Amino acid sequence: MMQIGFNKTNESNYRVLCLGAHCDDIEIGCGGTVLKLIENYKNIIFYWVVFSSNQERAQEAIASANLFLKEAKAKTVIVKDFRDGFLPFSGIEVKEYFEQLKQEFSPDLILTHYRQDLHQDHRLISDLTWNTFRNHLILEYEIPKYDGDLGIPNFFVQLDESICRRKIQYILDAFKTQNNKQWFTEETFRSLLRIRGMESNSTSKYAEAFYCRKIVL
């Protein structure tokens with residue numbers, strides 16, 4: 001069983017903040033880890049924030065979050081409407097929202113974007129995560145895309161094949177507007193899970209990978 005919070009037990013409240021620049025980022029980057037955390041901690045509380053959306057994609061994002069978090073003890077799902085691809089140009093407003101977020105929720109774990117991600121929106125969310133939350137466990141997830149910016153992760157969450165199936169099916173079912181993209185397929189998502197499983201010598205063959213800059217035991 002995965003124990004990310006070393007001072008937590010299965011009976012403890014465990015508070016997780018999930019941050020995504022776009023409507024499917026959290027699910028693609030760490031959806032399996034979210035499902036595994038819910039299995040391991042019955043008193044888990046999620047605060048799930050998506051920064052960029054339009055009306056149609058916001059509906060998909062809310063439906064997807066409710067699928068992934070349906071077994072969680074408590075959840076707050078927030079979908080903002082910053083413009084896709086322009087987050088750095090709305091930096092003041094995004095930064096102000098991070099300061100508000102810090103007052104609203106104190107997480108045990110934060111799941112956010114990888115700092116070396118080549119998408120400008122992803123990098124901004126990663127940077128502001130670290131600027132805002134300075135005394136928290138932060139894991140940076142990865143998103144496969146055209147840029148070819150996958151790195152060398154140093155933190156792995158090994159996943160049962162059943163969780164991988166659920167993750168992939170939830171993503172494909174929720175985000176119908178993305179189905180016309182040639183990369184948005186079961187094969188893409190499963191391939192990355194398999195590669196990271198191989199790298200971490202997962203007995204189940206599958207894993208999600210993260211980048212952890214600092215960890216204190």
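Colleague: With which residues is Ser53 in contact, once its neighbours within four places in sequence are left aside?

Modeller: In this predicted model, Ser53 is in contact with Cys23, Ala58, Val79, Lys80, Asp81 and Phe82, where contact means heavy atoms within 4.5 Å. Local features need pLDDT of at least 70 and side-chain atom pairs count only at pLDDT 80 or more, whereas totals for chains, interfaces and linings use all residues. Residues are numbered from 1 along each chain as its sequence is written, and side-chain values use heavy atoms, with hydrogens and water left out.

Colleague: Where is Ser53 placed, and why is Ser53 called buried?

Modeller: Ser53 sits in the loop between strand E2 (44–52) and H2; helices (H or I, at least four residues) and strands (E, at least two) are DSSP runs, numbered from the N terminus. The relative accessible area of Ser53 is 16%, and buried means under 20%, exposed over 50% and partly exposed in between, with a 1.4 Å probe and protein chains only, so Ser53 counts as buried.

Colleague: What lies 2.7 Å from a polar atom of the side chain of Ser53?

Modeller: That is the backbone oxygen of Lys80, and Lys80 is also one of the residues in contact with Ser53. Leu17, by comparison, is 36 residues from Ser53 in sequence and 19 Å away in space, C-alpha to C-alpha.

Colleague: What makes the arrangement of H1 and H2 roughly parallel?

Modeller: The axes of helix H1 (residues 25–40) and helix H2 (residues 55–68) come within 10 Å and cross at roughly 30°. The axes are lines fitted to C-alpha atoms, for helices over the stretch in contact, and angles run from 0 to 180 degrees between N-to-C directions. Angles under 35 degrees count as roughly parallel, over 145 as roughly antiparallel, 65 to 115 as roughly perpendicular and the rest as oblique, and H1 and H2 are therefore roughly parallel to each other.

Colleague: Which residues of H1 and H2 meet?

Modeller: On the H1 side these are Glu27, Gly31, Val34, Leu35 and Ile38, and they meet Ala61, Ser64, Ala65 and Phe68 in H2. By class, this contact has 6 nonpolar, 2 polar and 1 charged residues, given that Ala, Val, Leu, Ile, Met, Phe, Trp, Tyr, Cys and Pro count as nonpolar, Asp, Glu, Lys and Arg as charged, and the others, Gly among them, as polar.

Colleague: Why does Leu69 count as buried, and which residues does Leu69 contact beyond its neighbours within four places in sequence?

Modeller: Leu69, found in the loop between H2 and strand E3 (74–82), has 0% relative accessibility and therefore counts as buried. Its contacts of this kind are Val34, Ile38, Phe46, Trp48, Lys75 and Val77, and among them Val34 and Ile38 also take part in the meeting of H1 with H2.

Colleague: How many aromatic pairs are there by the rule used, and what makes the pair of Phe68 and Tyr170 edge-to-face?

Modeller: The count comes to 12 aromatic pairs. Phe68 and Tyr170 lie 5.2 Å apart, centre to centre, with 75° between the planes. Rings of Phe, Tyr and Trp (its six-membered ring) pair if their centres lie within 6.5 Å, and planes under 30 degrees apart count as stacked, over 60 as edge-to-face and the rest as tilted, so this pair is edge-to-face. The pair links distant parts of the chain, with Phe68 in helix H2 and Tyr170 in helix H5 (residues 161–174), 102 residues apart. Both Phe68 and Tyr170 are buried, and together with Trp48 they form one aromatic cluster.

Colleague: What does the geometry of the pair of Trp183 and Phe184 look like, centre to centre and between the planes?

Modeller: This pair is also edge-to-face, at 5.4 Å centre to centre and 75° between the planes, and both Trp183 and Phe184 are buried.

How values were computed. A polar contact is a pair of N or O atoms within 3.5 Å; within protein, one must be able to donate a hydrogen and the other to accept it, and residues adjacent in sequence count only if both atoms are side-chain atoms.
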